[in-house]
Amino acid sequence: MNLTITPGRLAGTVTPPPSKSQAHRCLIAAALAGGGSEVRNLADSQDIEATRRCLSELKTNSSALPHFDCGESGSTLRFLIPLALALRGGGVFTGRGRLMERPQKPYFDLFDEKGIRYEQRDGVLTLTGALTPGTYRLPGSVSSQFVTGLLYALPLLEGDSEIVLTSPLESRGYVDMTLETLEAFGIRVERDGEGFRIPGGQAYRPSVVTVESDWSQAAFWYAARNLGSRIEIQNMNPRSAQGDRIAAHWAAVLAESGEVEAGLSGCPDLAPPLAVMAAVREGTARLTGAARLRLKESDRLATITAALTALGASVEEHPDSLTIRGVPWLAGGTADCCNDHRIAMMAAIAATRCQAPVTLLGAECVAKSYPAFWEDYRNLGGIIHEHSGQ
């Protein structure tokens, strides 16, 4: 689906969708509790549908290896791998887009140590073996999803385990969210310095939980406000465990002129909204600590640069950072969304400060995380024309 957006400021009230990160975690814990739980404020997206689908497969009573179709959801893939080993003796994992190209080396290194067999070929990952109690050493500088996957599975084993981080933990907020969810479902995890002790023999207990609104999605509406739109953003928890709540801080910083450096190692999903905030202002901003963005739905350092440059921004790409020199207005033009939901939303917000219409190629990709984005955009006064072809 291609869209053309007529430039114009937005105005009104918007409630961002439920947190995708928190929803994954709550749904998994509820499934492991075996019934009787209630997860409130859920909204379907392609990633959440992938987790639901894989949880159904995990619970299927069959002697065959389960087949997990993870769609394009990195959280689904990395959270379910340890659970499949703990509960089903392995599984066959597939996905779409760039998902199966994402690195799994932290797990593979552990599997080599623990004697778990794995094979990755032609976009299919096959695992066989059992997760056993013990010590699991992981680098903290890679995705926190590996830590979360183990935190969900290790309490189900008969013996005690520990996770030892061999380097400082990045994206700490995501692990805090995991620990908060585990506690809500009766699972005890003890912090041990930079690592975790996980008593074995535990059972998930049913719980009633409410998914908060998503700070990573709210960040796009904060960006629209920075670019001059009059938007009231409702239902946000400023004390949330979501690390992306720092979006409000960076929006305030980028609303002022001057030089800014924003480190993204703990909040990589904020790169697109922060980039568009930085593109239309007075001063230069550097977004640093962003090497992992190259491993997302697209190479986001490259696609942020390409999309914003196509619309008239001044963006310089580096191996692990972006330098953005602000301008008063963007020109407009055509941007390829590159099958990346956050690139599509970034370009849509950029259109509010363009001098000519903005055409987005492949704008349907927002369905991965925020299916109602275009509806909300229109409700805020955005003028969108849908058409086919290039």
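Predicted model: local features only at pLDDT ≥ 70, side-chain atom pairs only at ≥ 80, totals over all residues.
**Entry 1: strand β1**

I started with β1 and found that it pairs with strand β20 (residues 383-387) in the antiparallel sense, over five bridges. I noted T6 as standing opposite I383 in β20.

How many of the five residues of β1 are buried? I get four of the five for residues 2-6, so the strand is largely enclosed by the rest of the structure.

**Entry 2: the four-stranded sheet**

Next I went to the open sheet, whose four strands come in the order β14-β15-β17-β16 with mixed pairing. Which strands are at the edges? They are β14 (260-263) and β16 (314-318), each of which pairs on one side only. I get an average twist of 15° from one strand to the next.

Strand β17 (residues 321-325) runs antiparallel to β16, and five bridges join the two. One of the residues I looked up was E317, which has L322 in β17 as its bridge partner.

Then the helices. I see α8 (residues 247-254) packing on the sheet, where it touches β14 and β15 (284-288). The direction of α8 makes about 165° with that of β14. Helix α10 (residues 300-310) lies across β16 and β17, and I have it running at about 160° to β16.

**Entry 3: rings**

I moved on to the aromatics and counted 13 aromatic pairs. W215 and Y222 make a stacked pair, with 5.9 Å centre to centre and 25° between the planes. Are these two buried or exposed? W215 is buried at a relative accessible area of 4%, and Y222 is buried at 12%.

Why do I call Y370 and F373 edge-to-face? Their planes stand at 75°, and the cut-off for that label is over 60 degrees. Their ring centres are 5.4 Å apart. Both Y370 and F373 are buried.

I also wrote down one aromatic cluster, formed by Y107, F108, F111, Y118 and F146.

**Entry 4: charges over rings**

Last, I looked for charges over rings. The charged end of K114 sits over the ring of Y136, at 4.3 Å from its centre. For an arginine case I have R353, which lies over the face of W329 at 4.6 Å from the ring centre.

Note on methods:
Residues numbered from 1 in each chain as written. Heavy atoms only, no water. Pairing = 2+ DSSP bridges. Axes fitted to C-alpha atoms, helices over the stretch in contact; angles between N-to-C directions. Contact = heavy atoms within 4.5 Å. Buried < 20%, exposed > 50% of the residue type's maximum accessible area, 1.4 Å probe, protein only. Phe/Tyr/Trp six-rings, centres within 6.5 Å; stacked < 30°, edge-to-face > 60°. Lys NZ or Arg CZ within 6 Å of the ring centre and 35° of its normal.
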